[in-house]
Amino acid sequence: ENGWEVLLQALKGRPILTILAILASVLLLAGRQFLKHELRETGSQIRRISTDHYRHTLRAFGITVLLALPWSILPLYLSWCLERESSNSDWIRGMSRGLEWLGLMLAVSAMLIESCRAGGLGIDHFGWSREGAHRFRNMVRALLIGQAPLLIPMSSTLFEDNFRHFDSMGRLMLNLALIITAAILARYMHPKTGVFAKTIQRHPERTFSRFSRLWYALMILIPASLVILASAGWVITAMVLTLVFDATLAVAAFGVLAYCMILRWFIIKERRLALEKALEERKARRAALEEPEDQADEGIMAETEKELDLDVVGEQTRRLLRSLTTIGVVVLVATIWSKTLPLNEVLSGASLFGVSLLSIARGTLLFAVVYTLSRNLPGLLELSGLRNLVSDAGTRYAISTIGQYSVAVSYTHLTL
């Protein structure tokens, strides 16, 4: 039976769901100009400390999701429909799988692209540089354009009747996708000229910057190695590892978004605390100079807004959030790869001084979390509201010290 006829039958058999899917896509596409305007409006609301609030960032995040959503609705819906007709043909099953991969790729790529929009979430709310965001946006677009057209032809050869074509057409499509991926990553992720070039130049002391050559080399070597693997005949293995590699890149990207969303809340708290402190100092000077009340109040707000419109969040909090986000991303990536490769079995079987490498890895990870939390806990408590609850600096210091000791005791208890 013809694949298109099967698809039409599947759609006709679900008229209400089909109409809703089409309507949702059309409405979201038609409302893009309105959504873009609302997104820019959230950016204008956060420029002044007096009007800045986390709800504006949450609203911008929701709008970004809506801007990204329409491109993936129909592919995922068509995949869902074909999945229920998959008993008819192996070609249909392959088409369903390809549309599923395409829908997921469109959803992830569109979210990242919209996050880098001028006047959007990344630039206005997170403070990303326009140049870096523009480069990242172009990189994601290039990856999408290079990989998306190859997904469905490759997936259509996966199942029984069409599997004889997998070693020829399937391998060709996979190798093309991997070569394109390696070339794009080589261009846009270079430590000196790529997306993160300015961050690396500004913060050479960070772990991310110190190991920039290593992760850059891995980004190129992994897809290149998969091309060699597929060419040697291990096509299924190469394809599975390619999907895992793409998932790793997506997890890393969304880890950055999660870090920025959390950091944004702390930035707002710090800006407000800095504003309150500045207002108190200005009022004290006003009282000393005996300025007129109305004139002084206007000057305080105008000058303070201008003076404090900066990224003043404490370095301790930044370091803590960076470390915990990195650890979380590493754990997620390790979990993804362990479902494909026997990492747990290998680490459990190998030992060092009578202790399995898996136990050593878990202990090291736990120590890293505890050390990072203990080292940066004072800054986290300050921004979490301790300064408002306790006015005395000595008492706040004592509470922070007790908190650090509590973390150390908890770690000792867990490891014994």
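**Exercise 1.** Is Phe196 buried, partly exposed or exposed, at its relative accessibility?

*Solution.* The structure is a predicted model, in which local features need pLDDT of at least 70, side-chain atom pairs count only at pLDDT 80 or more, and totals for chains, interfaces and linings use all residues. Residues are numbered from 1 along each chain as its sequence is written, and side-chain values use heavy atoms, with hydrogens and water left out.

Step 1. Buried means under 20% relative accessible area, exposed means over 50%, and partly exposed lies in between (1.4 Å probe, protein chains only).

Step 2. Phe196 has a relative accessibility of 25%, so Phe196 counts as partly exposed.

**Exercise 2.** Classify the aromatic pair of Phe196 and Phe208.

*Solution.* Step 1. Rings of Phe, Tyr and Trp (its six-membered ring) pair if their centres lie within 6.5 Å; planes under 30 degrees apart count as stacked, over 60 as edge-to-face and the rest as tilted.

Step 2. The ring centres of Phe196 and Phe208 are 5.3 Å apart and the planes stand at 80 degrees, so this pair is edge-to-face.

Step 3. Phe208 is partly exposed, because its relative accessibility is 36%.

Step 4. Phe196, Phe208 and Trp215 together form one aromatic cluster.

**Exercise 3.** Classify the pair of Phe126 and Trp128, and the accessibility of each residue.

*Solution.* Step 1. The structure holds six aromatic pairs. Phe126 and Trp128 form a tilted one, with 5.6 Å from centre to centre and 55 degrees between the planes.

Step 2. Phe126 has 14% relative accessibility and therefore counts as buried, whereas Trp128, with a relative accessible area of 23%, is partly exposed.

**Exercise 4.** Describe how helices α3 and α4 are arranged.

*Solution.* Step 1. Helices (H or I, at least four residues) and strands (E, at least two) are DSSP runs, numbered from the N terminus. Helix α3 covers residues 32-45 and helix α4 residues 54-68; their axes come within 9 Å and cross at roughly 160 degrees. Axes are lines fitted to C-alpha atoms, for helices over the stretch in contact, and angles run from 0 to 180 degrees between N-to-C directions.

Step 2. Angles under 35 degrees count as roughly parallel, over 145 as roughly antiparallel, 65 to 115 as roughly perpendicular and the rest as oblique. Helices α3 and α4 are therefore roughly antiparallel to each other.
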